[in-house]
Amino acid sequence: MTLRQRLTGRRVGVVLSAGYFGFYGHAGFVDGLSQAGVKAAAWAGTSAGGMVAAFAAAGLPPSRIAELILAQRREHFWDPDYLGIAVDAVRSGHRPSGLLKGARFHKLLEGFLPVADFSRLDAPLVLVATCLSKQAPHVMTQGPLASAVHATCAYPGLFQAVRRDGVLLWDGGIVDKAPALALKDSEPGAALDVLLVHYLPSRDGAKEPSGALAYPAGMAAGFAAIRRDHFRLQLQVLSARGVEVHVVTSRLPPVSPGTMRHGPKAVEAGRQAALDALGSPPRAWAGED
């Protein structure tokens with residue numbers, strides 16, 4: 001039995017993982033699901049996965065999601081805040097938490113999202129951010145949509161932390177790589193029959209940190225290990241509850257602010273990963289990262 005046959009006729013919750021500039025691959029994956037006739041009853045995601053999940057839950061056609069993402073260029077979201085960072089460094093503000101103000105990115109989200117609030121979505125959506133105020137995951141299922149997507153995508157050091165719900169939020173991928181458990185524990189999650197996760201391994205894999213950037217590279221490697229094991233624990237908890245979960249792992253061409261020209265290849269790789277997985281028997285997650 002193929003994975004597609006396994007999902008047919010069931011209420012599927014789709015979870016899109018964090019992954020640096022992984023929204024290209026997720027857009028392709030969502031398009032692949034659509035081509036194969038798989039429709040999500042609910043969505044969840046963090047970071048890049050959270051943004052694509054929000055677009056999908058809002059009813060944007062998969063081809064339109066990919067079109068919007070591929071049309072973006074660095075200058076469309078690049079708004080460094082050198083002066084603000086310097087001032088806040090003295091005044092003990094939060095702007096030194098990232099290079100970019102995020103105002104341009106927020107404006108893009110408001111322009112692309114066809115609805116402004118969670119309550120207007122076509123399908124239920126769960127987004128997760130990292131709460132710096134309370135040192136805990138922050139699950140978002142209601143309220144303004146653009147600020148929630150902005151918060152879950154606020155990559156540490158690149159974007160400044162986002163003030164929402166009275167707390168300060170950073171990228172959700174810090175604490176929850178792929179929020180399968182958060183989706184299942186949500187109100188709409190109770191009605192789901194099966195979860196399908198699109199998992200993007202850490203870009204640097206098992207490369208040892210070295211050179212002048214050894215410290216940040218080492219910290220990134222440590223966080224990657226924590227996120228991977230946290231996801232493994234989620235799968236164990238869900239399995240113990242009798243929840244069926246299928247994980248599709250995609251290794252995409254690397255994309256960054258300076259190499260966004262590689263976006264089309266990443267979209268196609270994500271699309272092909274969906275089609276290949278759906279056309280094959282389900283396989284157990286091997287703990288890739």
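This is a predicted model: local features need pLDDT of at least 70, side-chain atom pairs count only at pLDDT 80 or more; totals for chains, interfaces and linings use all residues.
Visitor: Why is R227 called buried?

Guide: Buried means under 20% relative accessible area. R227 has 16% relative accessibility, so R227 counts as buried. R227 sits in helix α10, residues 214–240.

Visitor: What is R227 in contact with, leaving aside its neighbours within four places in sequence?

Guide: The contacts of R227 are G173, I174, K177 and S202.

Visitor: Why is R4 called partly exposed?

Guide: The term partly exposed lies between buried, under 20%, and exposed, over 50%. R4 has 43% relative accessibility, so R4 counts as partly exposed. R4 belongs to helix α1. Not counting residues up to four places away in sequence, R4 touches A36 and L278.

Visitor: How do you know that the length of helix α11 agrees with what it should span?

Guide: Helix α11, residues 263–278, has 16 residues, and at 1.5 Å a residue these should span 22 Å. The end C-alpha atoms of α11 are 23 Å apart, which agrees.

Visitor: Which residues of α11 are buried, and what puts them on the same side of the helix?

Guide: The buried residues of α11 are G263, A266, V267, G270, R271, A273, A274, A277 and L278. Around the axis of α11 they cover an arc of only 155 degrees, and therefore they are on the same side. Their cover includes α1 (3–7), α2, α4 (62–70) and β10 (244–249).

Visitor: In α4, which residues are buried, and why are they said to line one face?

Guide: P62, I65, A66, L68 and I69 are the buried residues of α4. Seen down the axis of α4, they fall within an arc of 160 degrees, so they line one face of the helix. Among the elements that cover them are α2, α3, α7 (103–112) and α11.

Visitor: What describes the packing of two helices?

Guide: The description uses the angle between the axes and the distance between the axes. For helix α2 (residues 23–35) and helix α3 (residues 48–57), the angle is about 35 degrees and the axes are 8 Å apart. The crossing of α2 and α3 is right-handed.

Visitor: Which residues make the contact between α2 and α3, and how many are nonpolar, polar or charged?

Guide: From α2 come F23, H26, A27 and V30, and from α3 come A48, G49, M51, V52 and A56. By class, seven residues in this contact are nonpolar, two are polar and none is charged.

How values were computed. Residues are numbered from 1 along each chain as its sequence is written. Side-chain values use heavy atoms; hydrogens and water are left out. Axes are lines fitted to C-alpha atoms, for helices over the stretch in contact, and angles run from 0 to 180 degrees between N-to-C directions. Helices (H or I, at least four residues) and strands (E, at least two) are DSSP runs, numbered from the N terminus. A crossing is left-handed if the near helix is turned anticlockwise from the far one by less than a right angle, and right-handed if clockwise. Contact means heavy atoms within 4.5 Å. Ala, Val, Leu, Ile, Met, Phe, Trp, Tyr, Cys and Pro count as nonpolar, Asp, Glu, Lys and Arg as charged, and the others, Gly among them, as polar. Buried means under 20% relative accessible area, exposed over 50%, partly exposed in between (1.4 Å probe, protein chains only). The expected span of a helix is 1.5 Å times one less than its number of residues. The arc is that of the directions from the helix axis to the C-beta atoms.
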